Amino acid sequence: MFGIAGHRGLDDAGLTQVVRVAKVAAVTTGVSAGRRGRRGAPPPFDADFVARWLRASAAEIAVHRDFLTQLDAAIGDADHGVNMDRGFAAIVSVAAAADGLSPGELLVQAGATLVLRVGGAAGPLYGSALREAGRSLGDVSAFGLPELTGALDDALAAIVKLGAAEEGDKTIVDAWTPALRALRDARSAGAVAALHAARVAAEAGAAATTPMEARKGRASYLGPRSVGHQDPGAASTSLLFGALERAAAETPPDR
């Protein structure tokens, strides 16, 4: 179902190919045009879209809970999958009771839920990311791909600020950063195709953490022994981007 461990990291040529394939897919399937709505406008993402993303994220994490926990058992506390599953299950309840909230407000509430419900580093990191994404969107009722990209960029900035990590440190950042690069590079192909490219890049970035030596977080205490194990945070990040692609693909074309 999900080949996290099967991808290699993307170099510049590989990323270019991902973007090219995404653009071709958009043209051949008509996805981009079909999701643009009237007069070629970007798809109006809204609170329903955000709720779909959060539910899809919870579903992906639930399916891969044991896998994430196994990754964490090798270089961490062996609780990443369990904690993330508990936190996102709580978010689903928040989303179900969120009638009337703007997209940004919903993300802020989801982030606060993660901070309260998820232990270890994952709760503060992902919680801060969702809260900053929500703050980036503000109180608008609908937004397009540029605003979504900006929100994800602010989310990454929150992760970097809190975790003091950068690409190559074997963390969440190693999946989130290439996903954002791919999203920007493929944005002219339309939202669904761009988010497809982002998901592929996130998966490749997560897999590329396997040969790295951890320089941040609990895994860094292992030193060279952290080599050969995929980072669980990077893996869960790739699941979130997969859920984001799915949520965009399910956006009604007439909205």
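Buried residues, meaning those under 20% relative accessible area with a 1.4 Å probe and protein chains only (over 50% is exposed, in between is partly exposed), make up 52% of the 255 residues in this protein. The model is a predicted one, in which local features need pLDDT of at least 70 and side-chain atom pairs count only at pLDDT 80 or more, while totals for chains, interfaces and linings use all residues. Residues are numbered from 1 along each chain as its sequence is written, and side-chain values use heavy atoms, with hydrogens and water left out.

**Overall build**

- The protein has 11 helices and two strands, taken as DSSP runs numbered from the N terminus (helices H or I with at least four residues, strands E with at least two).
- Along the sequence, these elements follow the pattern α-α-β-α-α-α-α-α-β-α-α-α-α.
- Of the contacts (heavy atoms within 4.5 Å) with a separation of 6 or more, 73% come from residues 24 or more positions apart.

- A nonpolar core is a set of buried Ala, Val, Leu, Ile, Met, Phe, Trp, Tyr and Cys residues joined through side-chain atoms within 4.5 Å.
- In soluble globular proteins, nonpolar side chains tend to be buried together.
- The largest core here holds 61 residues, and Phe 49, Leu 152 and Trp 176 touch the most other members.
- Phe 49 is buried, with a relative accessible area of 1%.
- Beyond four places in sequence, Phe 49 is in contact with Phe 143, Leu 148, Leu 244, Ala 247, Ala 248 and Thr 251.

**Aromatic pairs**

- The whole structure contains four aromatic pairs, where rings of Phe, Tyr and Trp (its six-membered ring) pair if their centres lie within 6.5 Å, with planes under 30 degrees apart called stacked, over 60 edge-to-face and the rest tilted.
- Phe 49 and Phe 143 form an edge-to-face pair, because their ring centres are 6.2 Å apart and their planes stand at 70°.
- This pair links distant parts of the chain, 94 residues apart: Phe 49 is in helix H3 (residues 47–63) and Phe 143 in strand S2 (residues 142–143).
- Phe 143 counts as buried at 5% relative accessibility.
- Trp 176 and Phe 241 are edge-to-face too, at 5.3 Å centre to centre and 85° between the planes.
- Since Trp 176 lies in helix H9 and Phe 241 in helix H11, the pair ties together parts 65 residues apart in sequence.
- Trp 176 is buried at 2% relative accessibility, and Phe 241 is buried at 3%.
- Phe 45, Phe 49 and Phe 143 are linked by ring pairs into a cluster.

- Leu 183 sits in helix H9 (residues 173–185) and is buried at 0% relative accessibility.
- Away from its neighbours within four places in sequence, Leu 183 is in contact with Leu 145, Thr 149, Leu 152, Ala 194, Leu 195 and Ala 198.
- Thr 237 belongs to helix H11 (residues 232–249) and also counts as buried, at 0% relative accessibility.
- Not counting residues up to four places away in sequence, Thr 237 touches Tyr 126, Ile 172, Ala 175 and Trp 176.
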